[in-house]
Every structure is written in structure tokens, then in C-alpha cells.
Amino acid sequence: MIGAGNVGANCAVWAAKKELGDIVLVDVAEGIPQGKGLDLLQTGPVEGFDVSVTGANDYAPTANSDILIITAGFPRKPGMSRDDLLVANYEVVRAATEKAVAVSPNATIIVVTNPLDAMAQVAFMVSKFPRNRVIGMAGVLDSARFRTFIAQELSVSVESVTAVVLGGHGDTMVPVVRLSSVAGIPLTELIPEERLNAIVDRTRNGGAEIVKHLKTGSAYYAPSASAVEMAESILRDRKKVLPCAAYLEGEYGIKGLYVGVPCRVGAGGVEKIYEIKLSAEESTALKKSAAAVQELVDVIKKKMAE
Ligand SMILES: NC(=O)c1ccc[n+]([C@@H]2O[C@H](COP(=O)([O-])OP(=O)(O)OC[C@H]3O[C@@H](n4cnc5c(N)ncnc54)[C@H](O)[C@@H]3O)[C@@H](O)[C@H]2O)c1
């Protein structure tokens, strides 16, 4: 776990609980990863997990990691958009990726730091890993938020709700209502259009709603659980179909860009990208979302060339 802040530390908690493997927390803040690592290690006897958890300020102890979850960077403050974090977090993700991949050349990288899609692209460019081994976490969280609100609305179990969310992680994300259902029953048959639109809006602003409550920092329980669901699917080769930010090479008519799409996630990382037939309206929304990601990536590419 690179970054031992709110998201990184909670990734460690979920991963330890699932006994996904030995965990190293890395952070620039001296003492923080060591202290949190020791604290979590001592949770093992109570919670019944048997993994090693350590903390460090350098990358040597992370050598030969199977998974690198990058959460290092700055979170949003009220009134800030994810994009406002671009330049500061670019420097952090670039440095972290360089150091981490130097000692773990065969790892699969899961990027969490915002602005998500652009940061996934930074990790991809810096690591020079194949595209299947650099994945961004956003869709699992966005669809979890969407599923939560739908389940609340209908008083059904969240487990019965499936939702498809495409596009970048931001205000332009595209929850595809047409393909979302409650145990196969289309949402459009269960919730009036007006209410559905309100739920879609709340999903789009799901992160900001939490930032507004917290005032300092942003969400971390659901984000960390989402990143660990992806890590678990890779480490245990579960082959779950999850919405992930993946590097597109022509899929959906988008080339050379990280955008959220449904992926099969297994031992090979992103093993398959599903290209669903979209309506004209959905396709336009996805292109708009991709254009917003492209703007950020252009800024970064300029910086990388400096
Ligand atoms: N993709 C998503 O859906 C999603 C969801 C939630 C949060 N996030 C993002 O995740 C990131 C982390 O959020 P958080 O709440 O954990 O923030 P946080 O401030 O609690 O933790 C960030 C940690 O990164 C560390 N750090 C800074 N520079 C570093 C470097 N160069 N190397 C190693 N560590 C470094 C800091 O010391 C800090 O401990 C933010 O960018 C946030 O916006 C993304």
C-alpha cells in the first residue's frame, strides 16, 4: 500500500482481514506507516488473521510485491474538484511509481489517487508496464454508491442490485441506467424517471457529499474496500467483472486514454475489456467524459516532456 493515509491504511485493514497476503505500508510521513502497521498487526489475534503487516518510509521492504495499491497523494477539501489535485498528485504518483516498480517489476498496479483516470495514466506511462497490469479504481466505488442509493430507494438488499457505471471518475461519469437492474428487473420498471435522475445525480456527486460532511479529507471506507475487491480478484484469480479505469486502445472509439469500462479482472490483471453497445446518448456522454480525462492527460504529458 503506497500511502498510509485514510485510504491506504484502510486498504491494509480489508486486505489483512481477507488474508490476501503480507502487507507493507509505505509513506513519506515518518512513523505513520510503522505505527499503523504495528497496530494492524496486533489486530490479527483478535480478528483471526495471520499475515505480516509492516510499515516503511522506503521501498526496499516492498520488493517483489504482487500488487501495488497507490493511494499516495492529497485528498480533496470542500469546494475542490478532483481535477484541482492534478499537478500536486502527478508529482507524488510519478515518484511513487518509479520507486515501487524498480523493486517489483512483475506487480499489478491499482491506482486510487485522484484525479483517478489521469493518475492511472501517469502510473502506466512511468512504469512502462503492459496495460493489463495498470488499473484505476473508480468504477467499483461509483457503482457501489449507485447500488447503495438504489437499494435504499427500493428497500432491497444491496446484493440484489447490479449497476453499470462507465466513464471517468468525476462529474462526467456515466451511470448506465438501462443496463442496471434489481435481480434482472430493469431499474426503469421499478423507479420513476425523475427519482432515477436524482439518484444518478447523487451518485455523480457521491464523493463531494462526503467531503462536505467531513470538511477535512474525503471518503475512505468504500474507496479502500473497492480497491481491495480488485486486488482480491487479481490475487485469487476470481475473474470478477468490475468497472475499472483501463487503458483503451480503440475500444468504444477511444484511443490512448484511461477511461472506466467493464473489465474481467483476474490473475492477468485486466484480462478482457467488454465493449457494450451503447445508445447514441450514452455514447455521447462517454465521449464527453473521455474528453474531460484527455484534458488532464494533456497537461501531464506537457509536464512530463519538460
Ligand atoms: N479513486 C477513488 O475513487 C478515490 C476515492 C477516495 C480517495 N481517492 C484519492 O486517494 C488519495 C488518498 O486519499 P486519502 O484520504 O488516503 O488521503 P490522506 O491524506 O489520508 O493520505 C495520503 C497519504 O499519502 C502520503 N503521501 C504523500 N506523498 C507521498 C509520497 N510521495 N509517497 C508516499 N506517500 C505519500 C501522505 O503522507 C498521506 O499519508 C487522494 O488523492 C484521494 O483523492 C480516490
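What follows is a short chat about the ligand and the pockets in this predicted model.

Me: Which residues come nearest to the ligand?
Reply: There are 22 residues around the ligand, and those that come nearest are N6, V7, D27, V112 and M137.

Me: And what is the make-up of that shell by class?
Reply: The shell around the ligand has 13 nonpolar, eight polar and one charged residues, and helix 1 (6–17) and helix 4 (86–103) each supply at least two of its residues.

Me: What lies 2.9 Å from the ligand's oxygen or nitrogen atoms?
Reply: A backbone N or O atom of F74 lies 2.9 Å from an oxygen atom of the ligand, while a backbone N or O atom of V112 is 2.9 Å from a nitrogen atom of the ligand. Of the 860 Å² that the ligand exposes when taken alone, the protein buries 87%.

Me: Which pocket does the ligand sit in?
Reply: The ligand sits in the largest pocket, which holds about 840 Å³ of space and is lined by 38 residues, with T71, A72, G73, F74 and P75 nearest its centre.

Me: Which helix gives the most to that lining?
Reply: Helix 4 does, with five residues in the lining of the largest pocket.

Me: Switching topic, how much space lies in the second largest pocket?
Reply: About 510 Å³ lies in the second largest pocket, and among its 25 lining residues S143, R147, V241, L242 and P243 are closest to the centre. By class, that lining divides into 17 nonpolar, three polar and five charged residues.

How values were computed
Residues are numbered from 1 along each chain as its sequence is written. This is a predicted model: local features need pLDDT of at least 70, side-chain atom pairs count only at pLDDT 80 or more; totals for chains, interfaces and linings use all residues. Side-chain values use heavy atoms; hydrogens and water are left out. A residue is near a molecule or strand if one of its heavy atoms lies within 4 Å of it. A polar contact is a pair of N or O atoms within 3.5 Å; within protein, one must be able to donate a hydrogen and the other to accept it, and residues adjacent in sequence count only if both atoms are side-chain atoms. Accessible areas come from the Shrake-Rupley method with a 1.4 Å probe; for residues, only the protein chains shown count as cover. On a 1 Å grid over the protein atoms alone, a cavity is a set of points where a 1.4 Å probe fits but cannot get out, and a pocket is an open set with protein on both sides within 12 Å along at least five of seven lines; lining residues have an atom within 4 Å of a point. A molecule sits in a cavity or pocket if more than half of its atoms lie within 2 Å of its grid points. Helices (H or I, at least four residues) and strands (E, at least two) are DSSP runs, numbered from the N terminus. Ala, Val, Leu, Ile, Met, Phe, Trp, Tyr, Cys and Pro count as nonpolar, Asp, Glu, Lys and Arg as charged, and the others, Gly among them, as polar. Grid points are joined across faces, edges and corners, and a volume is the space filled by probe spheres set on the points.
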